[in-house]
Amino acid sequence: RTSLEEKAAQPEANVVLAVTDQDHIVGFGVLSCPRPEDRWYALDPPIMMEIKALEVARSWRSLGLADKIVRLLLAHPRAEDLVVYMVGYSWTWDLDGAGISAQQYRQMMIKLFEPYGFQEYETNEPNICLKTENIFMGRIGRNVSVDLRNKFKWLRFGIEL
């Protein structure tokens, strides 16, 4: 709860909660700006936001909640002015609860995000490159300029223009 509250308190954050009629949180998502120490913070002007969390309780999975949470996260009023990205680290995934391999989980993530305009992007970011199943996906809003798209392309490889 503390982590969720800290993320929700960030400027421009968009938080989506899935709650039961008994007021229990069974899923949540957080869209917020990258931290200053993150590579993605360097894009200037700051137009990047990260889907920092997407969680659904085990007993509530396979009901389409993650899909609805992503849709609502992207209802952010500036979504078309932003590069929204997600980073998937296999060591954070609930492989036991999902009952699938890391590669299958990766494919599940791709299937979840692609309908919303996300695509997989190559990067040399060390934590993403650490394991082949890790993934970096992004969605470039319609209003993002060609110049900022180009800066994003180079930033993926640690080059700031």
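Predicted model: local features only at pLDDT ≥ 70, side-chain atom pairs only at ≥ 80, totals over all residues.
Leaving aside neighbours within four places in sequence, which residues is arginine 156 in contact with? The list is Arg39, Trp40, Tyr121, Glu122, Thr123, Asn124, Glu125 and Phe136.

**Arginine 156**

Arginine 156 lies in the segment after helix H6, which spans 146-155. Arginine 156 is buried, yet has no salt bridge. Glutamate 122 is the nearest side chain of opposite charge, and it is 6.7 Å away.

**Aromatic rings**

The structure holds eight aromatic pairs. A pair of aromatic rings is described by the distance of the centres and the angle of the planes.

| Pair | Centre to centre | Angle between planes | Type |
|---|---|---|---|
| Tryptophan 40 and tyrosine 85 | 5.8 Å | 50° | tilted |
| Phenylalanine 113 and phenylalanine 118 | 5.0 Å | 65° | edge-to-face |

The pair of tryptophan 40 and tyrosine 85 links distant parts of the chain. Tryptophan 40 is in the loop between E2 and E3, while tyrosine 85 is in strand E4, 45 residues apart. Tryptophan 40 has a relative accessible area of 6%, so it is buried. Tyrosine 85 is buried too, at 0%.

Why do phenylalanine 113 and phenylalanine 118 count as edge-to-face? Their planes stand at 65°, and edge-to-face means over 60 degrees. Phenylalanine 113 is buried at 1% relative accessibility. Phenylalanine 118 is buried at 3%.

Some rings gather in a group. Trp40, Tyr85, Tyr121, Phe136 and Phe152 form one aromatic cluster. Among the cluster members, Trp40, Tyr121 and Phe136 are also contacts of arginine 156.

**Nonpolar cores**

How many residues does the largest nonpolar core have? It has 25. Those with the most contacts inside it are Ile51, Val84, Met86, Phe113, Phe118 and Met137. Several elements give two or more residues to this core, including strands E1 (14-19), E2 (25-32) and E3 (48-56). Strands E4 (83-88) and E6 (135-140) belong on that list, as do helices H2 (65-73) and H4 (102-113). H4 gives the most, with five residues. A second, separate core has 14 residues, including Trp40, Val87, Phe152 and Leu155.

Not counting residues up to four places away in sequence, valine 84 touches Leu31, Met49, Ile51, Leu74, Phe118, Met137, Gly138 and Arg139.

Asparagine 14 lies in strand E1. Is asparagine 14 buried or exposed? Asparagine 14 is buried, because its relative accessible area is 16% and the limit is under 20%. Beyond four places in sequence, asparagine 14 touches Gly29, Val30, Leu31, Leu72, Leu73, Ala75 and His76.

Glutamine 103 is found in helix H4. At 38% relative accessibility, glutamine 103 is partly exposed. Not counting residues up to four places away in sequence, glutamine 103 touches Thr132 and Glu133. The C-alpha atoms of glutamine 103 and glutamate 133 are separated by 5.6 Å, although the two residues are 30 residues apart along the chain.

Methods. Residues numbered from 1 in each chain as written. Heavy atoms only, no water. Helix = DSSP H or I, 4+ residues; strand = E, 2+ residues; numbered from the N terminus. Buried < 20%, exposed > 50% of the residue type's maximum accessible area, 1.4 Å probe, protein only. Lys, Arg positive; Asp, Glu negative; His and termini not counted. Salt bridge = Lys/Arg side-chain N within 4 Å of Asp/Glu carboxyl O. Contact = heavy atoms within 4.5 Å. Core = buried A, V, L, I, M, F, W, Y, C linked by side-chain atoms within 4.5 Å. Phe/Tyr/Trp six-rings, centres within 6.5 Å; stacked < 30°, edge-to-face > 60°.
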